[in-house]
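Reader: I am new to this structure and would like to learn how to read it. Could you take me through it step by step?

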Amino acid sequence: MSGDHMDRLAVGFLSVFGLPPVEFVDLAADLGCRHISLFLRGLPLASLGYPRFSLAHDAALRRNLRAALQHRGVTITLGDGFLVLPDSDVASLAIDLDVLAELGAPCINVVSLDPDRARTFDQFAELAGFAAQRSLRTLVEPVPSLTIGDLPTAVAAVRHVGRSDFQLLIDAMHLIRSGSTPGDLAAVDPDYVGYAQINDTTLQPRLPNYMEEAMFERMVPGDGELPLPQILAALPPGLVVEVEVPQRSLALAGISPFDRLAPCIEATRRLLSQSKTG
């Protein structure tokens, strides 16, 4: 069972604050994880000293990344950071889709910053079509304060798009903070759910700005107040579970990515072994 759980674990790129891709692959492997999610562009915290990068525009970096993935036995399970914007069309994302297909990613994650919900749904459908041409599935992540802000709205988006390769990404913090419960998740058609991100937090806000808290300060799974065993039990069996636990305060205090994430990985393995999702 432990091997199965290890094979399901991914390390989320948001957790490493722009760590260069090859170093990120080594980190995941050193943590005993087989998978990572990846943004194609790195916008690191300046004080950490990481260089900016763009996998879309740096062919040498892509070659080095593919070599590192093969060498360390790591795969990319998610291409993150796709946006629906009010002033652009998702057709402009074709190059990014090509790059992720080249890197062997199976799916992408999209959120919308376009307040027009109807246009957002249509853009999701268009993006899912473009992604499918490259054998990529598309996931939508409900995030409080964004256009698709909760589980019911995300389910409506999946039904609107009406494709088996357009599914939900369930993030533990977003699910609970948006007002849903593990029971609500369990009631969703399991075919709708394609990926999960685990993290922890308190039930009440820890920072005044929701997105700042979500992107920079989450808690080790099990250290907060989220009903993580129940969330994991409500997921379809065998789903990839990505550890997405950005801890900016620790990073700025000089705690290494390995030392920040090792407790998160260990806690997630423990939760998975206790859950009924194996």
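Author: Gladly! Let us begin with burial: a residue is buried under 20% relative accessible area, exposed over 50%, and partly exposed in between (1.4 Å probe, protein chains only). Leu 151, with 5% relative accessibility, therefore counts as buried. A word on the source: this is a predicted model, where local features need pLDDT of at least 70, side-chain atom pairs count only at pLDDT 80 or more, and totals for chains, interfaces and linings use all residues. Residues are numbered from 1 along each chain as its sequence is written, and side-chain values use heavy atoms, with hydrogens and water left out.

Reader: How many helices and strands are there in the chain?

Author: Helices (H or I, at least four residues) and strands (E, at least two) are DSSP runs, numbered from the N terminus. Here the chain has twelve helices and ten strands. UniProt, in an unreviewed entry, lists residues 25-246 as "domain: Xylose isomerase-like TIM barrel"; its positions are given in the numbering used here, feature names are shortened, and annotations may be inferred rather than shown by experiment. Over residues 25-246 the chain is 36% helix and 20% strand.

Reader: Which helix holds Leu 151, and which residues does Leu 151 touch?

Author: Leu 151 is in helix H6. Contact means heavy atoms within 4.5 Å. Not counting residues up to four places away in sequence, Leu 151 touches Pro 142, Leu 168, Ile 170, Leu 175, Ser 178, Ser 180, Asp 184, Leu 185 and Val 188. Turn to one of these partners, Ser 180: it sits in the loop between H7 and H8 and is buried, with a relative accessible area of 8%. Beyond its neighbours within four places in sequence, Ser 180 is in contact with Leu 151, Pro 152 and Leu 175.

Reader: Is Thr 153 buried or exposed?

Author: Thr 153, also found in helix H6 (residues 151-161), counts as buried because its relative accessibility is 12%. Its contacts, leaving aside neighbours within four places in sequence, are Arg 117, Phe 121, Thr 147 and Ile 148.

Reader: What covers the buried residues of H6?

Author: The buried residues of H6 are Leu 151, Thr 153, Ala 154, Val 155, Ala 157, Val 158 and Val 161. Their cover includes helix H5 (117-132), strand E7 (137-140), strand E8 (166-171), helix H7 (172-177) and helix H8 (182-186). Just after H6, Gly 162 takes a positive phi of about 65°.

Reader: Which residues have the most contacts inside the largest nonpolar core?

Author: A nonpolar core is a set of buried Ala, Val, Leu, Ile, Met, Phe, Trp, Tyr and Cys residues joined through side-chain atoms within 4.5 Å. The largest one has 85 residues, and Phe 24, Ile 36, Leu 55, Phe 124 and Leu 168 have the most contacts inside it. Apart from that core lies another, of seven residues, among them Leu 139, Leu 169, Tyr 195 and Val 240.

Reader: How far apart are the end C-alpha atoms of helix H12?

Author: The expected span of a helix is 1.5 Å times one less than its number of residues. For H12 (residues 257-274), with 18 residues, that gives 26 Å, and the end C-alpha atoms are 26 Å apart, which agrees. The buried residues of H12 include Pro 257, Arg 260 and Leu 261.

Reader: And what share of the chain do buried residues make up?

Author: They account for 55% of the 278 residues.
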